[in-house]
Amino acid sequence: MPTFTFDLNGETVTVDVPSDSSLLWVLRDALGVTGPKYGCGVGVCRACTSHLDGAAFQPCTTPVADCAGRAVTTIEGLAAGDTLHPVQQAWIDEDVAQCGFCQPGQIMAAVALLAANPHPTDADIDALENVCRCGTYVRIRRAIHRAAGS
Ligand code: FES
Ligand code: FES
C-alpha cells in the first residue's frame, strides 16, 4: 500500500493505507484520533469537522491522498497543552454540550469562523451547517459570541 505523510496536530505522521481511504477513517482507525465523529459520511452533518491548513473541512469526504504534505488539526490539537482554546473555554462557560457527539465538529467550525470573522453576527453563526440533534444551537451561538468578546 502507498504511504502518506502529513502533519497531525503538530506532529508528523505517516500512514500506510489505500489512497482512496477517507481521512476520517485513517484518523479514527489507523491513528486512534477519535475527536472527529462519524455522523453521515457524506459531508452533510459536519460532525467530523476539522481543519486542513487552518480551514474547516470534512475528513469523511477527503481522501487521505489529498492531505499529504499538509497540516491537519483535529479537536485534540486545539488546546495549548493544559490551556484550553478560548472557544473550548467559552463552550464550558456556556455549558453548551448535551450528548456531546456533534460538539468537536461544532467547536472546530466555530474556531474557523472566528478566524475568518472575529465578530460574527447571529446570522453568520446560524449559517454554520453543523447539525446538532440535541438542539444546542442557542448555547452554541452564545458561546461563539463569548469567545468573540461580544
Ligand atoms: S461525518 Fe457527516 S460530514 Fe463528516
Ligand atoms: S449535543 Fe447532542 S448532537 Fe449536539
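Asn 9 takes a positive phi near 55 degrees in the hairpin of S1 and S2, which has 2 residues between the strands. Strands (E, at least two residues) and helices (H or I, at least four) are DSSP runs, numbered from the N terminus. Two strands pair if DSSP finds at least two bridges between them. This is a predicted model: local features need pLDDT of at least 70, side-chain atom pairs count only at pLDDT 80 or more, and totals for chains, interfaces and linings use all residues. Residues are numbered from 1 along each chain as its sequence is written, chains are lettered from A and ligands numbered from 1 in the order in which they are written, and side-chain values use heavy atoms, with hydrogens and water left out.

Stay with S1, residues 3–8. Its covered face holds Phe 4, Phe 6 and Leu 8. Its uncovered face holds Thr 3, Thr 5 and Asp 7. S1 runs antiparallel to S2 (residues 11–16), and 6 bridges join them. S1 also runs parallel to S5 (residues 71–73), joined by 2 bridges. Leu 8 has a bridge partner in each: Glu 11 in S2 and Val 72 in S5.

Now the interior. A nonpolar core is a set of buried Ala, Val, Leu, Ile, Met, Phe, Trp, Tyr and Cys residues joined through side-chain atoms within 4.5 Å. Buried means under 20% relative accessible area, exposed over 50%, partly exposed in between (1.4 Å probe, protein chains only). The largest core has 17 residues; Leu 78, Val 87, Trp 91, Ile 107 and Ile 144 touch the most other members. Helices H2 (86–93), H3 (103–116) and H5 (137–148) each supply at least two residues of this core. H3 gives the most, with 6 residues. Apart from this core lies another, of 15 residues, among them Phe 4, Val 17, Val 26 and Leu 27.

Charged pairs come next. The structure holds 6 salt bridges (a side-chain nitrogen of Lys or Arg within 4 Å of a carboxyl oxygen of Asp or Glu). Asp 93, Glu 94 and Arg 146 are linked in a network of them. Arg 146 meets Asp 93 at 3.6 Å, N to O. Arg 146 lies in helix H5 and Asp 93 in helix H2, so the pair ties together parts that are 53 residues apart in sequence. Arg 146 also bridges to Glu 94, with the closest N and O atoms 2.9 Å apart. Glu 94 is buried, at 16% relative accessibility.
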